Amino acid sequence: MSKIKKIAVFTSGGDAPGMNACIRAVVRTGIYLGYEVAGIKQGYQGMIDDNIENMSRHSVSNIMQLGGTVLKTARCLAFKNPDGMQKAYENLKKRGIDALVAIGGDGTFTGAERFSSTYDIPVICVPGTIDNDLYGSDFTLGFDTATNTVIEAIDKIRDTAESHDRLFFIEVMGRDAGCIALRAGIASGAEAIMLPEKDTAISELIDLLEHGAANKKSSSIVIVAEGDKNGGAFGVAKLVKEKFDFYDTKVTILGHLQRGGSPSSFDRILGSRMGYAAVKALINGDNRKMVGLRGNEIVLTDLKEALTDHEFKLEDDLMEMSIILA
Ligand code: ADP
């Protein structure tokens, strides 16, 4: 029998669509199973500031369709110091909170692992980040919505590119991982995709674009992940323009619009599954683990293992298709 009485949920680090579905699932599953549930505002900052509210089934009504996070999120330097952690622990204790569900990225997980080991408070983490770059889950919360948002934007840019015979370089999020760039590029029929994981020579890109121009393509779209080694979309555009001046060239940085928007059905279901699974895991006595989706199964991975450096690899078939289908 679990000794837990009160579970608190919070979101931390970068926000991602689907976090609200997850918060809702944690609150409703916890209450359904007879536990008290609290919501901590602004992640670790709210823990330190005692910005914590008791939640009811009603307090998470009508939030499923909202982007962002109703609990707000923050980056909190003070939590990295022992004094900050101690203050956070005292606030949790004062409120009778004896277990945590943390929704965020690897920084959030690192904080959760340290906090839980120091103060012996059980924690289960949920991977919430649009970048899809966490070990232990095939998909992270928010990635599907962000990719759909990018595709919608590219489709719109394609209309104007086509009308004016233009070459567009579109920069999408992904400093270390090109997941969004790769999928959005394939799904929108981009002529080329520049990824942090792959060195594409500018001469190779120019060959591709020249081939397209020779075949009377009236527009071209090149997707550039922000972590591309040539300096992002502006860097690539400059290098290409120096040698290939066939098209009128434009650069679009999609930026933070990729983080917002109503979550896709996939992220709503994933958030709900992960929130439900996180509460069940705490009740089963699991600790310092992250919930993930592998295949179509919800699985738990030790936080320590999730946080160890693993080689990150994009899918081989998608990589090959990005060339064959372009
Ligand atoms: P993400 O969770 O999206 O990776 P961050 O890297 O900004 O985002 O981490 C979120 C928060 O997690 C940080 O603002 C900080 O409060 C906490 N955190 C990150 N690293 C540590 C650490 N080494 N020790 C304690 N807390 C940490």
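# Domains, cores and a pocket in a predicted model

User: OK, the inside now. Which residues of the largest nonpolar core touch the most other members?

Analyst: That core has 58 residues, and the ones that touch the most other members are V101, I103, I170, I221 and I223. Helix α5, residues 143–164, supplies the largest share of this core, with eight residues.

User: Why does this core lie between domain 1 and domain 2?

Analyst: Both domain 1 (6–142 + 263–308) and domain 2 (144–260) give residues to this core, so it lies between them. Apart from it there is another core, which has 27 residues, among them A8, A38, I40 and A88.

User: Back to I170, what is it in contact with?

Analyst: Once neighbours within four places in sequence are set aside, I170 is in contact with I154, I157, I221, V222, I223, V224, A233, T252 and L254. Two of these partners, I221 and I223, are also named with I170 among the residues that touch the most other core members.

User: Switching to pockets: what volume does the second largest pocket have, and what lines it?

Analyst: The second largest pocket has a volume of about 330 Å³, and its lining consists of 19 residues, with E191, A192, L208, S322 and A326 lying nearest its centre. The elements that give two or more residues to that lining are β7 (192–194), α7 (202–214) and α11 (316–324).

User: Which element gives the largest share, and what classes of residue are in the lining?

Analyst: Helix α7 gives the largest share of the lining of the second largest pocket, namely five residues. By class, the lining has nine nonpolar, six polar and four charged residues.

User: E210 is on my list as well, so where does it sit, and how exposed is it?

Analyst: E210 is placed in helix α7, and with a relative accessible area of 37% it counts as partly exposed.

User: What about T200, buried or exposed?

Analyst: T200, which lies in the loop between β7 and α7, has a relative accessibility of 14%, so it counts as buried, the cut-off being under 20%. Not counting residues up to four places away in sequence, T200 touches I193, M194 and N230. The C-alpha atoms of T200 and G189 are separated by 18 Å, although these two residues are eleven residues apart along the chain.

User: And G227, where is it and what does it contact?

Analyst: G227 lies in the loop between β8 (220–225) and α8 (232–243), and, leaving aside neighbours within four places in sequence, it is in contact with G174, R175 and P196.

User: Backbone question: which loops hold D50 and N62, and what is phi for each?

Analyst: D50 is in the loop between α2 (43–49) and β3 (52–54), and its phi is near 60°, a positive value in a residue other than glycine. N62 is in the loop between β3 and α3 (82–94), and it too is not a glycine, yet has a positive phi of about 65°. Most residues other than glycine have a negative phi.

User: Is N62 buried or exposed, then?

Analyst: N62 is exposed, its relative accessible area being 61%.

User: Last one: where is N54, and what does it touch?

Analyst: N54 is found in strand β3, and, not counting residues up to four places away in sequence, it touches K6, V37 and A38. The C-alpha atoms of N54 and V37 are separated by 6.2 Å, while the two residues are 17 residues apart along the chain. A38 is also named among the members of the core of 27 residues.

Notes: Residues are numbered from 1 along each chain as its sequence is written. This is a predicted model: local features need pLDDT of at least 70, side-chain atom pairs count only at pLDDT 80 or more; totals for chains, interfaces and linings use all residues. Side-chain values use heavy atoms; hydrogens and water are left out. On a 1 Å grid over the protein atoms alone, a cavity is a set of points where a 1.4 Å probe fits but cannot get out, and a pocket is an open set with protein on both sides within 12 Å along at least five of seven lines; lining residues have an atom within 4 Å of a point. Grid points are joined across faces, edges and corners, and a volume is the space filled by probe spheres set on the points. Helices (H or I, at least four residues) and strands (E, at least two) are DSSP runs, numbered from the N terminus. Ala, Val, Leu, Ile, Met, Phe, Trp, Tyr, Cys and Pro count as nonpolar, Asp, Glu, Lys and Arg as charged, and the others, Gly among them, as polar. A nonpolar core is a set of buried Ala, Val, Leu, Ile, Met, Phe, Trp, Tyr and Cys residues joined through side-chain atoms within 4.5 Å. Buried means under 20% relative accessible area, exposed over 50%, partly exposed in between (1.4 Å probe, protein chains only). Domain bounds come from an automatic or database domain assignment. Contact means heavy atoms within 4.5 Å.
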